[in-house]
Amino acid sequence: MPILCVSSSVTFTSSSSSSHNNSSSGIIKNPFVGFSLALSKPSIRTSFPLSNNNTKRSFQVQCQNLSIVPTDQRWMFEDSEVDGPDIWNKTWYPKAADHVNTDKTWYVVDATDKILGRLASTIAIYIRGKNLATYTPSVDMGAFVIVVNAEKVAVSGKKRTQKLYRRHSGRPGGMTVETFDQLQQRIPERIIEHAVRGMLPKGRLGRALFNHLKVYKGPDHPHEAQKPVGLPIRDKRIQKER
């Protein structure tokens, strides 16, 4: 059986009566472990001289048997618990069976006359899984979201002509800049994808979450087998007023 040896179980004995009484009682109050330690063998006793005077002071190190330590206050494993469950860490963390992609919910939303930024933030919440009580920042807990009629998404103000999208070919002078209106006519799906991607984590988790977004031009999509349900939208200002 493992033996628990702690530095706070050191007994110092000196010529004073108080120290002698504490060591002779056989019980040490341990403020670090949180419970009393009874003295038991094996023990090591030694002495050393003090620098100020010629008197000597001895100390004894006692090792504590784990059998008398409360179960909820142990900091060492028993031999039979090495391969067992974690008895100290009680924080819930999702297992692989808690976020299987085939068991996740599919949502569908029509982007017709919906404000781009407000729609993208709502989509990112459900893809991220922040609407769930089991939300974990480092785990893919979110759902899949299908966006249809991507070419009919709306923006406010003068963003149709002032909002710019840049891409680079990688060669010198290969920067291409186009407005929102130009990109919407050319590749309307890229507008929503660009907005949602910026609201997801940067890294391999964000790249995996981005695969949950399916954007299509027109009212049709090839995901009827997944039986998508309507995306709940709580933002009352997401719809652009005509």
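## Basis of the model

Helices (H or I, at least four residues) and strands (E, at least two) are DSSP runs, numbered from the N terminus. This is a predicted model: local features need pLDDT of at least 70, side-chain atom pairs count only at pLDDT 80 or more, and totals for chains, interfaces and linings use all residues. Residues are numbered from 1 along each chain as its sequence is written, and side-chain values use heavy atoms, with hydrogens and water left out.

## Confidence

The predictor's confidence in each residue is given as pLDDT, from 0 to 100. The chain has a mean pLDDT of 81, with 66% of residues at 70 or more. Residues 1–21 have pLDDT below 50; in the model this stretch still has 49 contacts beyond near neighbours in sequence. Residues 30–34 also have pLDDT below 50, with nine such contacts. Contact means heavy atoms within 4.5 Å.

## Overall fold

The chain holds six helices and 13 strands. Of its 242 residues, 34% count as buried. Buried means under 20% relative accessible area, exposed over 50%, and partly exposed in between (1.4 Å probe, protein chains only). Take the contacts between residues at least 6 apart in sequence: 64% join residues at least 24 apart.

The accessible surface of the chain is about 15,900 Å². Carbon and sulfur atoms account for 52% of it. Areas come from the Shrake-Rupley method with a 1.4 Å probe; for residues, only the protein chains shown count as cover.

## Helix H5 and its cover

Helix H5 spans residues 188–197. Its buried residues are Pro-188, Ile-191, Ile-192, Ala-195 and Val-196. They lie on the same side of H5, because they cover an arc of only 120° around the axis. That arc is taken from the directions from the helix axis to the C-beta atoms.

The cover over these buried residues includes helices H2 (116–128) and H4 (180–186). It also includes strands S9 (144–148), S10 (164–168) and S12 (213–215).

## Thr-122 in helix H2

Helix H2 contains Thr-122. This residue counts as buried because its relative accessibility is 10%. Leaving aside neighbours within four places in sequence, Thr-122 is in contact with Leu-231, Pro-232, Ile-233 and Ile-238.

## A nonpolar surface patch

Met-175 sits in strand S11 (residues 175–179). Its relative accessibility is 48%, so Met-175 counts as partly exposed. Together with Leu-164 and Val-177, Met-175 makes a nonpolar surface patch of about 260 Å².

Patches are made of residues with over 30% relative accessible area and no salt bridge; like charges are joined within 9 Å, nonpolar side chains (Val, Leu, Ile, Met, Phe, Trp, Tyr) within 5 Å. A salt bridge is a side-chain nitrogen of Lys or Arg within 4 Å of a carboxyl oxygen of Asp or Glu.
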